[in-house]
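I opened this entry to go through packing and surface in one model. My notes follow in the order I looked things up.

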Amino acid sequence: MQQTAIGQVHITSILFFILFVITTLAITYWAAKRTRTTRDFYAAGRSVTGLQNGLALAGDYMSAASFLGIAGLVSTKGYDGLIYSVGWLVGWPIIMFLIAEPLRNLGKYTFADVVAYRLKQRPIRGAAAAGSLVTVLFYLIAQMVGAGTLVKLMFGLPFEVAVIVVGALMISYVLFGGMIATTWVQIIKAALLLGGATVLVFLTLLTFGFSYGDLFSQAAHQYGDKFLQPGGLITSPLEAFSLGLALMFGTAGLPHILMRFYTVPDAKTARKSVFYATGFIGYFYILTVTIGFGAAVLVKQQIITGIDKGGNMAAPLLAEALGGTFFLGFLAAVAFATILAVVSGLTLAGASALSHDLYVGVIRRGKAAEREEIKVAKIATILLGLAAILLGILFKGQNVAFMVGLAFAVACSANFPALLLSITWKKFTTKGAVASIYTGLILAAGLIILSPTVWVDVFHAKEKKIVETRMKDIGTQSKTKIEAIEKQRIPGKNEDRINTDIAAEKSTAESRTEEIKATMPKAIFPMKNPAVISMGMAFLVGILISLMAPEKEAEARFEDEKIRSYIGIGSE
């Protein structure tokens with residue numbers, strides 16, 4: 001498979017895309033008639049069933065990074081690509097057992113409702129809104145840049161056009177249909193993505209006689225046994241542990257995921273929806289791993305990285321190899337739908353943080369009419385959408401991979417510790433919560449900026465490229481010299497001298513490479529994933545400040561909070 005239709009405009013993908021857009025806009029029109037109150041706008045009238053919310057949660061969570069990114073990582077790095085699929089999945093039992101029930105029973109529309117339940121409203125809501133907005137904005141930028149790049153690769157459309165189309169559709173869904181439209185967009189996207197990935201895996205396994213043993217043995221034969229062993233992507237155990245923490249606990253701090261638990265009628269349904277979501281997401285990640293190994297064997301790494309260095313086109317290329325341009329067109333439309341569903345959820349979460357937490361909770365001190373709050377939420381939706389479009393265009397061509405990492409790092413460091421401690425620890429105070437949120441937020445953002453991912457790969461990208469080019473040139477020159485020396489070899493006469501000259505050239509090239517490598521820009525903070533420090537410090541600061549400045553009123557209300565979180569009496 002030397003030629004590919006990726007990057008060319010073909011009728012199949014356009015038809016599938018138009019069909020998806022028409023269907024979702026029709027749903028938005030239907031939802032707009034049913035969106036009258038804040039409860040409808042933020043929480044779909046709390047009328048979503050457990051199965052529907054499970055599918056919507058899966059649709060909200062399974063981003064293009066999950067679908068294209070994990071398959072690409074596995075196809076290029078092998079076994080270590082699994083750390084993302086496993087890390088993103090194991091966060092869900094944490095949500096089911098620790099978060100879902102108290103969140104639904106104590107909150108109203110945002111996770112700040114839970115943290116502020118027995119603490120002082122204004123400082124908590126201000127801090128929680130900051131954590132939510134930073135998470136949402138960085139996630140949005142990554143998704144918008146991803147959308148532009150993906151559509152450019154898949155459909156051949158200009159980057160800016162793709163970003164504007166995604167932004168316009170995203171604003172339409174949220175502005176007119178609120179949570180009802182967003183929920184159904186996510187359900188449709190989840191069904192399409194799971195269906196498309198299932199068919200792709202079926203076709204892949206059909207090629208190997210439905211034998212995973214055959215698939216893995218061929219992968220090992222082509223790329224060596226190391227391809228099936230850990231250490232190809234992350235060599236440091238501390239890095240792996242820190243990344244695992246961010247992926248696991250970050251899931252339990254993502255505002256657009258937590259917001260979905262308010263769409264169901266009660267805590268029992270909230271738990272059911274997590275159970276369904278875990279099943280759908282777990283199944284999906286098994287599929288992406290199979291797709292990754294299948295692409296590595298059937299498409300080959302050289303072709304995958306030739307089209308996209310990050311390997312993100314592994315799944316579409318495999319679809320084209322096994323199902324032709326028709327299947328490629330379908331999967332391209334599904335990938336686009338994936339981005340639309342995720343950005344809609346993110347926009348709604350950001351709008352709710354601005355309107356419900358900042359405007360009503362901080363500026364209006366909790367006293368605002370329902371119509372006024374909806375109006376502010378819709379203005380916030382437009383502003384967030386425009387900001388996402390502008391930032392997406394501004395970051396065109398930039399390495400934005402760190403932004404998803406930053407979103408998860410902030411979610412696990414700023415949002416999760418405060419949420420967990422407010423539910424489980426009686427002595428947790430307002431000052432402790434605010435300090436915990438800002439500590440996690442500042443440390444996560446600051447350390448990622450100082451890490452190799454941003455400090456070297458973004459701020460010093462030119463210097464890094466110059467050093468890498470010089471190192472490559474030395475390797476090329478050395479190879480040319482060794483080939484010239486080899487040509488002088490006369491068997492049985494000058495072999496010792498030739499071997500000595502080759503060894504000397506190799507030694508010289510290695511020493512020169514090491515010298516140039518020493519000039520490579522260095523990061524101030526050595527780790528790429530700071531969660532182990534930022535999350536640990538957020539918990540520590542929250543606990544210490546709470547112990548140093550006790551809050552008797554908050555302690556007195558803890559028993560009431562506990563009863564409501566368990567039983568749900570008085571929940572909305």
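Predicted model: local features only at pLDDT ≥ 70, side-chain atom pairs only at ≥ 80, totals over all residues.

Setting aside neighbours within four places in sequence, I found Leu103 in contact with Phe111, Val114, Leu258, Phe261, Tyr262 and Leu419.

Next I asked which residues have the most contacts inside the largest nonpolar core. They are Tyr61, Trp92, Leu103, Ile291 and Leu419. I noted 166 residues for this core. Helix H14, residues 314–363, supplies the largest share of this core, with 23 residues. I also logged another core, which lies apart from the largest one and has 5 residues. Val467, Ile474, Ile516 and Met520 are among them.

Then I turned to Ile141. I located Ile141 in helix H7, which covers residues 121–155. Ile141 is in contact with Leu391, Phe395 and Met403. Ile141 and Met403 are 262 residues apart in sequence, yet their C-alpha atoms are 7.5 Å apart in space.

I went on to Ala32. Helix H1 runs over residues 11–32 and includes Ala32. Ala32 has 31% relative accessibility, so I put it down as partly exposed. Beyond residues up to four places away in sequence, Ala32 touches Phe176 and Gly177. I also took the C-alpha to C-alpha distance from Ala32 to Gly178. It is 7.5 Å, for a pair 146 residues apart in sequence.

My next stop was Thr439. I placed Thr439 in helix H17, residues 430–450. Where does the side chain of Thr439 reach? I found it at 2.6 Å from the backbone oxygen of Ala435. Not counting residues up to four places away in sequence, Thr439 touches Met537, Ala538 and Val541.

Met537 took me to the surface. I found Met537 in a nonpolar patch there, together with Ile533, Leu540, Leu544 and Met548. I noted about 460 Å² of accessible area for these residues together. I then looked up Ile533 by itself. Ile533 lies in helix H21, which spans residues 531–548. With 33% relative accessibility, Ile533 counts as partly exposed.

Conventions:
Residues numbered from 1 in each chain as written. Heavy atoms only, no water. Patch = residues over 30% accessible without salt bridge, like charges linked within 9 Å, V, L, I, M, F, W, Y side chains within 5 Å. Areas by Shrake-Rupley, 256 points an atom, 1.4 Å probe, with all protein chains shown as cover. Salt bridge = Lys/Arg side-chain N within 4 Å of Asp/Glu carboxyl O. Helix = DSSP H or I, 4+ residues; strand = E, 2+ residues; numbered from the N terminus. Buried < 20%, exposed > 50% of the residue type's maximum accessible area, 1.4 Å probe, protein only. Polar contact = N/O pair within 3.5 Å; in protein donor to acceptor, adjacent residues only side chain to side chain. Contact = heavy atoms within 4.5 Å. Core = buried A, V, L, I, M, F, W, Y, C linked by side-chain atoms within 4.5 Å.
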